[in-house]
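Morning, everyone. Please take a look at the structure on the screen, and then we'll walk through a few parts of it.

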Amino acid sequence: MTSMLNKFLFFKYHLSILIICFLCFSFNNKNAKTEKFYKKEISSETFNVIRVAENIYSIVSPSFGLPTPENKGWNSNVHFIVTKSGVLLFDTGSSESIGYKIKRTIASVTSLPVRWVVNSHSHADHWLGNAAFADTTTEIITSKHALTEMKKNGNDDITFYNKVTKGKIGTTRLVFPSSIINNNLKRNFDGIEVEFILTEENHSAGDIIMWLPKHKVVFGGDILSSDWMPIITDDVNIPSLINTLNSIVELNPTKVLTGHGNETTVRSIVRDINLLSSVWKQVKLDSENGSKPEETLLKIKAELEPQYKLLYKNYTTEIERYINLMYSLQN
């Protein structure tokens, strides 16, 4: 593993995004074609927009994995809501140039300005586009812990993204959120009722989940998954993550919007809970009995692979990392 990649993992990312699997069908669309990694260079002035529900839209990146010269660093999703007087944007992409492209894409849907931005968490691909929305009338919102991480790692993130994209991200200014959420919060954005749910030790420090009770749509950032296994890092607390996912299931969302991958439903959350619970339980038991990770891997492959291999695009390549990580958390 290269030193550059080690540095990247140290600051922001997770090994799970290193693996791309091309073979599995979408969990929620039996007729979906195999989704291949995006290799054609991005050149258009706007991204494709998907209408999720009335006044709710998604811009889904076809690229999953590390930023590259071809994707120009664009490897995560953003979502937006059109209110009566302006747009509420959830995440801004991984560079200032991508942020401006998101801004132009929103302008193709509505002439209303982006008045509010929510940064779901501190990983670079979800907030480095803030500079495109650095208007004095735009409120940028995140959690206290996410802001701390942004300020700590922002410059290193830009350096890394410039290296791996060979400068394709262009010049990116660091623009930090101006509004901090310290607790779960309900807020009305010009007629749109929004509930902010804060989590700890789930994906990163201070992840924000956004819930629209009227529309029954949940915006999960990287806590919620559709096409790939849940993205867990060295800082994860598996029981806490499972509890968070269970609380989202209790909301009974009809649409689940994720930080990577396609729109999905509550079935994906239940699937993730079952997977995480099964692997965690087996690792915990084997660890207490003095077994080694490779022994647990053989058991997991025999018992879970038939059920989950076709439900995740990266199950085969990711499950070993899961087991090794969960062993390291047995303290």
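This is a predicted model. Let's start with the largest nonpolar core, which has 35 residues. Which of them touch the most other members? They are Leu 275, Val 279, Tyr 315, Ile 319 and Met 326.

Now, where does this core come from? Strand E10 (208-212) gives two or more residues. So do four helices: H4 (238-251), H5 (266-288), H6 (293-308) and H7 (315-328). H5 provides the largest share, eight residues.

Zoom in on Tyr 315. Leaving aside neighbours within four places in sequence, Tyr 315 is in contact with Met 229, Leu 275, Ile 300, Leu 304, Glu 305, Tyr 308 and Lys 309. Another core lies apart from the largest one.

Next, a helix pair. The axes of H4 and H5 come within 10 Å and cross at roughly 155°. Angles over 145 degrees count as roughly antiparallel, so H4 is roughly antiparallel to H5. Their crossing is left-handed. On the H4 side, the contact includes Ile 238, Leu 241 and Leu 245. On the H5 side, Val 266, Ile 269 and Trp 280 are among the residues involved. The contact residues of H4 and H5 divide into 13 nonpolar, two polar and one charged.

Last stop, a loop. Asp 135 sits between strand E5 (114-118) and strand E6 (139-143). Its relative accessibility is 40%, so Asp 135 counts as partly exposed. Arg 115 is 20 residues away along the chain, yet the two C-alpha atoms are separated by 8.8 Å.

Definitions and conventions. Residues are numbered from 1 along each chain as its sequence is written. This is a predicted model: local features need pLDDT of at least 70, side-chain atom pairs count only at pLDDT 80 or more; totals for chains, interfaces and linings use all residues. Side-chain values use heavy atoms; hydrogens and water are left out. Buried means under 20% relative accessible area, exposed over 50%, partly exposed in between (1.4 Å probe, protein chains only). A nonpolar core is a set of buried Ala, Val, Leu, Ile, Met, Phe, Trp, Tyr and Cys residues joined through side-chain atoms within 4.5 Å. Contact means heavy atoms within 4.5 Å. Axes are lines fitted to C-alpha atoms, for helices over the stretch in contact, and angles run from 0 to 180 degrees between N-to-C directions. Angles under 35 degrees count as roughly parallel, over 145 as roughly antiparallel, 65 to 115 as roughly perpendicular and the rest as oblique. A crossing is left-handed if the near helix is turned anticlockwise from the far one by less than a right angle, and right-handed if clockwise. Ala, Val, Leu, Ile, Met, Phe, Trp, Tyr, Cys and Pro count as nonpolar, Asp, Glu, Lys and Arg as charged, and the others, Gly among them, as polar.
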